[in-house]
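Me: I have a structure open and a few things to ask about it. Can we go through them one at a time?

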Amino acid sequence: MIKIEPEFEINFDILFIGAGIASISAAYYLKQLINQYNQENKNKLNNITIGIFEKSKAVGDHILSGAVLEPKILDEFIPAWENSNIPVKIKVSQDNMYFLNSKGQIPFPVIPPGMNNHGNYIISLSELLKWLSNECEKMGVEIYTSEPIKDLIYSKEGKVIGVKTGEKSLDKEAKKKANFSPGAEIGIKILAAGEGSYGFITKKLINKYNLNQNRESQSYVTGIKELWEITPENFSKGEVIHTFGYPLDFKTFGGGFFYHFKDNLAALGLAIGLNYENPKLNLQEELQKFKTHPLINKILSKAKLIEYGAKTISEGGYYSIGKLSGEGFILIGEGAGLLNSQKLKGIHLAIKSGILAAETIFEALKLNDFSLDQLSKYDQKIKESWIFKELHAVRNFHQGFQKGLIPGMIHTGLQMFTGGRGLINKFKTQEDYRHLKKISEYSSKNKEFTPDGKITFDRLTEIYFSGVKHEEDQPCHLKIKDLNICINRCHEEFGNPCTLFCPAKVYEFENKEGLIINPSNCLHCKTCEIKDPYNIIEWTPPEGGGGPNYKNM
Ligand code: SF4
């Protein structure tokens, strides 16, 4: 922690961390509120500076999502969106849900209301973000890319009063290179953290201010996604497929998706609950098996892989959401835990939290009051909005699957008739890494899988399709607290599961050398930080601009 007096060369009234959908929506809405106020009032809110700091090279480069969007939020956010050129054009034309076994599928006769996609749109979130960020910049929002935020600056009283951006040009040993540039210290009135799942700064804020006291642990899934160009005869624009079952066993939570998007592009993927038990589970390999299922395999005949990527998704929901504001800051979007686990959707909630954050900040600016009392109104707004109503109705969905697929299905059915309650009103949850079994405790054998190089691939082939790139000569951004644990205890007890669950093969184990880390392959998904059984890995932001380079994910 850095403590200095509030004197900064660079200052922003409002600073957002992460150019994700929550931050961009909040900045967009806030600018509109300010512009409208200034048109209608003599006492103007002049020279309000709004900055967004993003670690990727360009907005959207690190963004990956399914994605099916509920347009009701756009009606609230951009009322004339249907007549604009916003990239939300592909309406869901068919909505199918199947239970898969290894050879065939059983269609769900009725899709549960919460999972129905009728009236929704298939989008590319990175494309939507690029559009919205352009609109923000036209209104004067300043967006800085390749600028990760590495630390917070506090006042003597413990209030967040600034941030520190990352240093540039340190070598592997953290020594300064010739073109070294130190990070900048930036003063702020309000900080809004919109970093997405398991955010680096969000974690610091949650821990320092004990925001999650008496809340259930957050739960996560890792979503692994691919984008394919499929042949016109196999393409069915707007069709959505969701699956349960194969390739996941009955104990592992998760499901697959296949969305026919636009221009013969199809998005497919598998989301796997990180509370799984199997120490030998290879998440990327599970996605490969999913593609071998006849339902998917036949669509991919003669198709071409375009992109690959992964991210974690915060699924804990209602009972995991802690306090969302503190001294000088607010938390927005998925980083705040705002995600509907039953729908596996968070974009509409992130936008709504952005709108409510903008309203709170706007009030604070008008009153020139940036106190905790003022910022706490954001918590109240979230609780009174449809966000909490929606999350309360699915409060036990993810947790209902803790004992496996069949009990989970039964719970889901019961929850439909009990307003989301099911058999137990509040499931106790523990951190995902605590669910992993030791090799000696886990009996099922994993069958060896060999990719065919046409539809299925190994991890090293796939990461090429993520466009991932990092400066090689920089300190490793994956910090392991005690390598001895990896080499001795973990190797013996769990078989180094990081070498399998990491979707980018960042970790490898060699008998002679021990654990080898290839940080340049990292997709910034955070799976390792969440699932490592000893909880000793910390993901930190690498030098600005490094990471995947998603185009349409
Ligand atoms: Fe994800 Fe960790 Fe692998 Fe990076 S090293 S891709 S954060 S699991």
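Me: What kinds of residues make up the lining of the second largest cavity?
Reply: Its lining divides into eleven nonpolar residues, two polar and one charged. Ala, Val, Leu, Ile, Met, Phe, Trp, Tyr, Cys and Pro count as nonpolar, Asp, Glu, Lys and Arg as charged, and the others, Gly among them, as polar. A cavity here is a set of points on a 1 Å grid over the protein atoms alone where a 1.4 Å probe fits but cannot get out, and lining residues have an atom within 4 Å of a point.

Me: Which of them lie nearest the centre?
Reply: C502, C522, C525, K526 and C528, out of 14 lining residues. The volume of this second largest cavity is about 90 Å³, taken as the space filled by probe spheres set on the grid points, which are joined across faces, edges and corners.

Me: How many cavities of 30 Å³ or more are there?
Reply: Four, from a search of the whole structure.

Me: What sort of model is this?
Reply: A predicted one: local features need pLDDT of at least 70, side-chain atom pairs count only at pLDDT 80 or more, and totals for chains, interfaces and linings use all residues. Residues are numbered from 1 along each chain as its sequence is written, and side-chain values use heavy atoms, with hydrogens and water left out.

Me: Salt bridges next. How many does the structure hold?
Reply: 27, each being a side-chain nitrogen of Lys or Arg within 4 Å of a carboxyl oxygen of Asp or Glu.

Me: What does E529 pair with?
Reply: K203, with the closest N and O atoms 2.4 Å apart. That pair links distant parts of the chain, 326 residues apart: E529 is in helix α15 (residues 527-531) and K203 in helix α4 (residues 200-208). Helices are DSSP runs (H or I, at least four residues), numbered from the N terminus.

Me: Is K203 buried or exposed?
Reply: Buried, at a relative accessible area of 17%. E529 also counts as buried, at 5%. Buried means under 20% relative accessible area, exposed over 50%, and partly exposed in between (1.4 Å probe, protein chains only).

Me: And where do E493 and R489 lie?
Reply: Both are in helix α13 (residues 483-493), four residues apart, about one turn of the helix. E493 is partly exposed at 21%, and R489 is partly exposed at 45%.

Me: Which residues form a network?
Reply: E70, K72, K343 and E390 are linked by salt bridges.

Terms used. 1 Å grid on protein atoms, 1.4 Å probe; cavity = no way out; pocket = protein on both sides within 12 Å on 5 of 7 lines; lining within 4 Å. Helix = DSSP H or I, 4+ residues; strand = E, 2+ residues; numbered from the N terminus.
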